[in-house]
Amino acid sequence: MDPEAGKVRFEEVAERWLASRVVDPATALKYESSLRLHVVPVFGRRQLRTIKPSEIAAWVAGLDARFGASTARTAYLVMHGTLEVAVDDEAIKRNPAKARVVKVPAEKGGKTTAWSDEVVLRIVEGHPAQYWPIASIGAARGLRQASCSGWPRRTSISRRWLSEFGGR
């Protein structure tokens with residue numbers, strides 16, 4: 001292994017890792033955002049050989065506390081993947097993100113409770129009759145409002161309805 005290889009900056013390898021991902025556009029954007037917002041500000045200018053497992057562990061724990069488990073897991077995935085490229089390229093011997101001290105937060109999936117038939121019926125009947133099939137199918141399939149209507153995930157339906165369809 002070339003002793004100079006570990007002097008490569010993390011950011012250089014991260015760019016190669018990101019460019020090598022074969023993922024859908026939404027995932028690519030998620031990885032790029034995580035890299036830009038959470039990984040590069042902390043590790044970007046660091047030489048690969050200077051990154052320690054304990055630093056990664058503290059960083060992941062901080063992300064979990066500040067932004068939540070999902071953000072911490074995505075940032076860790078980006079960090080881990082970048083360091084795997086560095087190992088494969090023989091810039092470093094081991095991936096410090098794989099150390100036992102690095103704990104990735106578990107997914108915090110809450111318990112989902114299905115609506116009763118009575119609740120679904122009240123919601124369906126609360127819509128104009130021409131929209132009953134959409135509300136019924138959406139409830140039966142477990143779809144969110146935005147999924148039923150085909151609107152982007154983060155769109156507020158009530159605001160969109162008010163602004164585009166002349167509601168109150």
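Visitor: How many helices and how many strands does the chain have?
Guide: Welcome! The chain has eight helices and zero strands. Following the sequence, you read the pattern α-α-α-α-α-α-α-α. Please keep in mind that this is a predicted model.

Visitor: What tells us the predictor's confidence in the chain?
Guide: The average pLDDT is 83, and 79% of the residues score at least 70. That score runs from 0 to 100. Residues 161–168 stay under 50, and the model gives them six contacts beyond four places in sequence. Where pLDDT is low, the predicted coordinates should not be read in detail.

Visitor: Why is the pair Arg 9 and Glu 12 called a salt bridge?
Guide: The cut-off is 4 Å between a side-chain nitrogen of Lys or Arg and a carboxyl oxygen of Asp or Glu. For Arg 9 and Glu 12, the closest N and O atoms are 3.5 Å apart, so the pair qualifies under the 4 Å limit. Side chains of opposite charge can pair when their charged atoms come close. The structure holds six salt bridges.

Visitor: What makes Arg 9 and Glu 12 partly exposed?
Guide: Partly exposed lies between the buried limit of under 20% and the exposed limit of over 50%. Arg 9 has a relative accessible area of 28%, and Glu 12 has 36%, so both of these residues fall in between.

Visitor: How do you know that Glu 55 and Arg 46 form a salt bridge?
Guide: Their N to O distance is 2.8 Å, and the limit is 4 Å, so the pair counts. Glu 55 is partly exposed at 31%, and Arg 46 is also partly exposed, at 24%.

Visitor: What does the salt bridge between Glu 84 and Lys 98 tie together?
Guide: The closest N and O atoms of Glu 84 and Lys 98 are 3.4 Å apart. Glu 84 lies in helix α4 (residues 69–88), while Lys 98 sits in the loop between α4 and α5 (117–125), so the pair ties together parts that are 14 residues apart in sequence.

Visitor: Why is Lys 98 called exposed?
Guide: Exposed means over 50%. Lys 98 reaches 54% relative accessibility, so the word applies. Glu 84, at 22%, is partly exposed. Salt bridges that share partners also join Arg 9, Glu 11 and Glu 12 into one network.

Visitor: Which residues touch the most other members of the largest nonpolar core?
Guide: Phe 10, Ile 56 and Trp 59 do, in a core of 27 residues. The elements giving two or more residues to this core are α1 (10–20), α2 (25–43), α3 (53–67) and α4. The largest share, eight residues, comes from α4.

Visitor: Which residues does Ile 56 touch?
Guide: Leaving aside residues up to four places away in sequence, Ile 56 touches Phe 43, Ile 51, Met 79, Leu 83, Pro 96, Ala 97 and Val 102.

Visitor: Where is the kink in α2 centred?
Guide: The kink of about 40° is centred on Leu 35. Leu 35 is one of the buried residues of α2, which also include Tyr 31, His 38 and Phe 43. The buried residues of α2 pack against α1, α3 and α4.

Visitor: What share of the chain's residues is buried?
Guide: Buried residues make up 27% of the 168 residues. The accessible surface of the chain comes to about 11,700 Å², and 53% of that belongs to carbon and sulfur atoms.

How values were computed. Residues are numbered from 1 along each chain as its sequence is written. This is a predicted model: local features need pLDDT of at least 70, side-chain atom pairs count only at pLDDT 80 or more; totals for chains, interfaces and linings use all residues. Side-chain values use heavy atoms; hydrogens and water are left out. Buried means under 20% relative accessible area, exposed over 50%, partly exposed in between (1.4 Å probe, protein chains only). Helices (H or I, at least four residues) and strands (E, at least two) are DSSP runs, numbered from the N terminus. A nonpolar core is a set of buried Ala, Val, Leu, Ile, Met, Phe, Trp, Tyr and Cys residues joined through side-chain atoms within 4.5 Å. Contact means heavy atoms within 4.5 Å. Accessible areas come from the Shrake-Rupley method with a 1.4 Å probe; for residues, only the protein chains shown count as cover. The bend at a residue is the angle between axes fitted to the seven residues ending there and the seven starting there.
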